[in-house]
Amino acid sequence: MAKIKRFSVYQKNLSIRFVSMLKWFSSKIYLALVLLIGVITVGVFGFRFFSDYSWIDALYMTVITMSTVGFGEVEPLDDSAKLFTVFLIAANVVIFAYSISIITEYIVNKSDPQKVQYRKIQKMIFKLENHIIIVGYGRNGKQAADKLLAYDKSFIIVEKDKSVIERYQSEKLLFQEGNATEDDVLIGAGIKKASCLICTLPEDADNLFIVLSSRQINNDLKIISRASQDASYKKIRLAGADNVIMPDRIGGDHMASLVVVPDLIEFLDNLSIVGKKSINIEEISFEDLFDDQKERTILTIDMRSRTGCTIIGYKSPDGEYIVNPEADTVLMPGSKIVVLGRPEQVNLLNKEFDI
């Protein structure tokens with residue numbers, strides 16, 4: 001996946017309606033230019049034919065007639081030339097005025113910094129592929145963004161609160177303003193080409209609606225949603241979420257575990273998976289380890305002696321998990337392993353297998 005350089009900018013109107021308007025406006029500017037060139041061409045040939053003007057005089061007469069500046073005629077006009085001039089003036093009233101208004105509006109819009117920045121954002125979004133969409137930038141949304149930044153993943157944040165965008169915008173974040181419950185906003189965020197959607201809104205009803213809409217738009221999308229109530233868990237799963245996380249339950253369970261097994265929880269907390277430079281646990285696919293499609297056992301790859309890392313988990317191509325797999329466990333194409341090691345050992349693993 002091509003890495004997309006991220007940037008952040010605040011925009012007043014970041015909705016799909018503006019995209020449609022921009023396309024409509026682009027077609028209008030081309031139409032205005034064609035009409036303007038057309039009426040000038042007709043005027044030049046008309047004066048050349050009816051009054052036998054030179055090309056320069058014909059162009060001059062056409063321009064002063066269309067612009068209605070009131071300059072005098074180059075030479076007296078006969079009746080046919082006067083009738084042609086009347087026709088040219090009548091056509092110009094509509095065409096010239098329309099063309100000038102569209103061109104002027106185009107120039108003004110091009111000089112508007114917010115609209116210029118908006119167009120840059122849209123170009124960035126259109127280029128995104130296999131990216132991640134975070135819906136909502138509250139506590140959970142911010143944590144998700146920090147994690148993705150640590151792993152250098154491409155993502156876009158959909159947020160409807162302008163004050164939140166103003167407060168948290170930075171060079172590393174790409175924001176889109178809008179309500180994610182509207183399909184147009186999700187499509188504008190590139191959901192058809194996205195690989196994953198993380199829904200972190202506080203209201204379960206909103207999360208449910210967004211999950212349902214997202215699954216209909218992109219059936220291959222991986223969807224992870226937050227839930228606050230136990231009753232919402234099954235509903236969000238039925239709506240199409242691959243994973244449903246209940247932060248309140250996880251937080252309470254973690255606090256209770258600090259009482260029951262404090263040393264174990266403290267040890268697990270120290271197994272940092274915050275970023276590439278401080279990682280202790282990493283998930284690696286078979287294809288990242290080997291270029292061919294040949295099966296291997298854990299014993300034959302000898303990862304422990306080569307890198308110091310230990311394989312503590314295995315996920316088969318069918319999705320079956322094995323904790324602390326045996327040395328004779330066969331690694332097959334499409335499978336994944338979970339390794340444990342100190343940061344320097346994980347870095348050595350990445351270099352050894354060219355990951």
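**Entry 1: the whole chain**

I began with burial across the chain: buried residues make up 39% of its 355 residues. I kept in mind throughout that this is a predicted model. My tally of secondary structure came to 15 helices and 12 strands. Next I turned to contacts with a separation of 6 or more, and found that 62% of them join residues 24 or more positions apart.

**Entry 2: helix H5**

I picked helix H5, residues 139–150, and checked its length. With 12 residues at 1.5 Å a residue, H5 should span 16 Å, and its end C-alpha atoms are 17 Å apart, which agrees. Which residues of H5 are buried? I noted Asn140, Gly141, Ala144, Ala145 and Leu148. These cover an arc of only 135 degrees around the axis, so they sit on the same side of H5.

Then I asked what covers the buried residues of H5. The cover includes four strands that I wrote down with their ranges: S1 (132–135), S2 (155–159), S4 (196–199) and S5 (222–226). Helix H10 (247–260) is also included in that cover. Just after H5 I stopped at Asp152, which takes a positive phi of about 55 degrees.

I followed strand S2 to Ile157. With a relative accessible area of 0%, Ile157 is buried. Leaving aside neighbours within four places in sequence, I found Ile157 in contact with Ile134, Gly136, Tyr137, Ala145, Leu173, Leu174, Phe175 and Gln176. Ala145 in that list is one of the buried residues of H5. I also checked the distance from Ile157 to Leu173: they are 16 residues apart along the chain, and their C-alpha atoms are separated by 7.7 Å.

Next came Ser225, which is in strand S5. Is Ser225 buried or exposed? Its relative accessible area is 2%, so Ser225 is buried. Not counting residues up to four places away in sequence, Ser225 touches Cys199, Asn207, Val211, Ile236, Ala241, Asn243, Val244 and Ile245.

**Entry 3: the second largest pocket**

I looked up the second largest pocket and noted about 310 Å³ of space in it. Which of its 20 lining residues are the closest to its centre? They are Gly136, Glu159, Lys160, Leu201 and Pro202. I saw that H5 and S2 each supply at least two residues of the lining. By class, I logged 6 nonpolar, 7 polar and 7 charged residues in the lining.

**Entry 4: helix H15**

I moved on to helix H15, residues 343–352, where Gln345, Val346, Leu349 and Asn350 are buried. They cover an arc of only 145 degrees around the axis, which puts them on the same side of H15. Among the elements that cover these buried residues I noted strand S7 (281–285), helix H14 (303–307) and strand S12 (336–340). Just after H15, I marked Asp354 for its positive phi of about 55 degrees.

**Entry 5: loop residues**

I finished in the loops. Asn130 is found between helix H4 (113–127) and S1, and its phi is near 55 degrees, a positive value in a residue other than glycine. At 46% relative accessible area, Asn130 is partly exposed.

Asn324 sits in the loop between strand S10 (321–323) and strand S11 (330–331). Its phi is near 50 degrees, again positive in a residue other than glycine. Is Asn324 buried or exposed? With 54% relative accessible area, Asn324 is exposed.

I found Asn219 in the loop between helix H8 (204–217) and S5. Asn219 is exposed, at 59% relative accessible area.

My last stop was Asp292, in the loop between helix H12 (286–289) and strand S8 (296–297). Asp292 counts as partly exposed, at 28% relative accessibility. Asp292 and Pro333 are 41 residues apart along the chain, and their C-alpha atoms are separated by 8.8 Å.

Technical notes: Residues are numbered from 1 along each chain as its sequence is written. This is a predicted model: local features need pLDDT of at least 70, side-chain atom pairs count only at pLDDT 80 or more; totals for chains, interfaces and linings use all residues. Side-chain values use heavy atoms; hydrogens and water are left out. The expected span of a helix is 1.5 Å times one less than its number of residues. Buried means under 20% relative accessible area, exposed over 50%, partly exposed in between (1.4 Å probe, protein chains only). The arc is that of the directions from the helix axis to the C-beta atoms. Contact means heavy atoms within 4.5 Å. On a 1 Å grid over the protein atoms alone, a cavity is a set of points where a 1.4 Å probe fits but cannot get out, and a pocket is an open set with protein on both sides within 12 Å along at least five of seven lines; lining residues have an atom within 4 Å of a point. Grid points are joined across faces, edges and corners, and a volume is the space filled by probe spheres set on the points. Ala, Val, Leu, Ile, Met, Phe, Trp, Tyr, Cys and Pro count as nonpolar, Asp, Glu, Lys and Arg as charged, and the others, Gly among them, as polar.
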